[in-house]
Amino acid sequence: MAGGTEAFPDLGKHCQFSGCHQLDFLPFKCQACHKVFCVEHRSCKSHECPEPEHNSRKVIICEICSTSIEITGKEDQEKMILEKHEKSGNCDPRKKKKPTCPVKRCKETLTFSNRIICKTCRLEVCLKHRFPADHACKQASSSTTPAAAAGGSWNEKFLVAFGLRNGKDCGKSGRPSSSTTPFLKAY
């Protein structure tokens, strides 16, 4: 069966699944049996491919310990691989417990999509407690430096910090410091 239409005979291909033979302009070629199929029959399972999916990979999750195990090949091997995993000694039911948010009274399970690591205290919390004030961040509450106590704008904090240096500038290490305070001009 040739593909295409009368006007364009080389355009598209017919599905090689028995009983379908649909003309498809974007056909799929099976990597296992090397036949051409339409979008409905492109998977090995849907066109009952006689060849196993040699490049397919699948991940199964152990129900006992929640460990993910990658398998390649036929589906018949799943039970055998899970039994082998259980007998290996690596399958521990205590591993199944998922981590939870460490904030008091929060029972949120930390998953891949709802966990965040605080940049100041490096604590892993849920998204509800992602801000330092929400999880009682240790470094955020201990920031009582004179500059923070002074409040005000950034240039006032700079002047307070500069005054605390007491002439300990790296450029003045060998020279005696002058008795006058340095002149700062804010723009």
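**Note on the predicted model**

1. Arg-115 is partly exposed, at a relative accessible area of 32%; the cut-offs are under 20% for buried and over 50% for exposed, with partly exposed in between (1.4 Å probe, protein chains only). The side chain of Arg-115 meets that of Glu-124 in a salt bridge, with an N to O distance of 3.0 Å. Here a salt bridge is a side-chain nitrogen of Lys or Arg within 4 Å of a carboxyl oxygen of Asp or Glu. Glu-124 is partly exposed as well, with a relative accessible area of 30%.

2. On the basis of the model: it is predicted, local features need pLDDT of at least 70, side-chain atom pairs count only at pLDDT 80 or more, and totals for chains, interfaces and linings use all residues. Residues are numbered from 1 along each chain as its sequence is written, and side-chain values use heavy atoms, with hydrogens and water left out.

3. Confidence. pLDDT is the predictor's confidence in each residue, from 0 to 100. The mean for the protein is 75, and 71% of its residues reach 70 or more. Helix H3 (residues 146-150) has the lowest confidence, at a mean of 44, and E8 the highest, at 91. Over residues 140-150 pLDDT stays under 50, and for this stretch the model has seven contacts beyond four places in sequence; contact means heavy atoms within 4.5 Å. Where pLDDT is low, the predicted coordinates should not be read in detail.

4. Overall make-up. The secondary structure comes to four helices and eight strands, taken as DSSP runs (H or I, at least four residues, for helices; E, at least two, for strands) and numbered from the N terminus. The order of elements from the N terminus is β-β-β-β-β-β-α-β-β-α-α-α. Of the 187 residues, 19% count as buried. Among contacts between residues at least 6 apart in sequence, 14% join residues at least 24 apart. The accessible surface is about 15100 Å², and 54% of it belongs to carbon and sulfur atoms; areas come from the Shrake-Rupley method with a 1.4 Å probe, and for residues only the protein chains shown count as cover.

5. Strand E5 (residues 57-61) runs antiparallel to E6, and five bridges join the two; strands pair if DSSP finds at least two bridges between them. Lys-58 has Ile-71 as its bridge partner in E6. Six residues lie between the strands of this hairpin, and Ser-66 in the turn has a positive phi of about 60°. Strand E6 (residues 68-72) has Ile-69 and Ile-71 on its covered face, and Ser-68, Glu-70 and Thr-72 on the uncovered one.

6. The second salt bridge. The count by this rule comes to two salt bridges. Besides the pair in point 1, Glu-108 and Lys-128 meet through their side chains at 3.9 Å, N to O. Glu-108 lies in the loop between helix H1 (77-87) and strand E7 (115-117), and Lys-128 in the loop between strand E8 (124-126) and helix H2 (138-141), so the pair ties together parts that are 20 residues apart in sequence. Glu-108 is partly exposed, at 30% relative accessible area, whereas Lys-128 is exposed, at 59%.

7. Nonpolar surface. Phe-8, Leu-11, Phe-25 and Leu-26 make a nonpolar surface patch of about 460 Å². Patches are made of residues with over 30% relative accessible area and no salt bridge, with like charges joined within 9 Å and nonpolar side chains (Val, Leu, Ile, Met, Phe, Trp, Tyr) within 5 Å. Phe-8 belongs to the segment before strand E1 (13-14) and counts as exposed, at 55% relative accessibility.

8. Lys-35. This residue lies in the loop between strand E3 (28-29) and strand E4 (36-37) and is partly exposed, at 41% relative accessibility. Leaving aside residues up to four places away in sequence, Lys-35 touches Gln-16, Phe-28, Lys-29 and Cys-30. The C-alpha atoms of Lys-35 and Phe-17 are separated by 8.8 Å, and the two residues are 18 apart along the chain.

9. Positive phi in loops. Most residues other than glycine have a negative phi. Arg-105 has a positive phi, near 70°; Arg-105 is placed in the loop between H1 and E7 and is exposed, with a relative accessible area of 74%. Ala-136 has a positive phi near 50°. Ala-136 lies in the loop between E8 and H2 and is exposed, at 63% relative accessibility.
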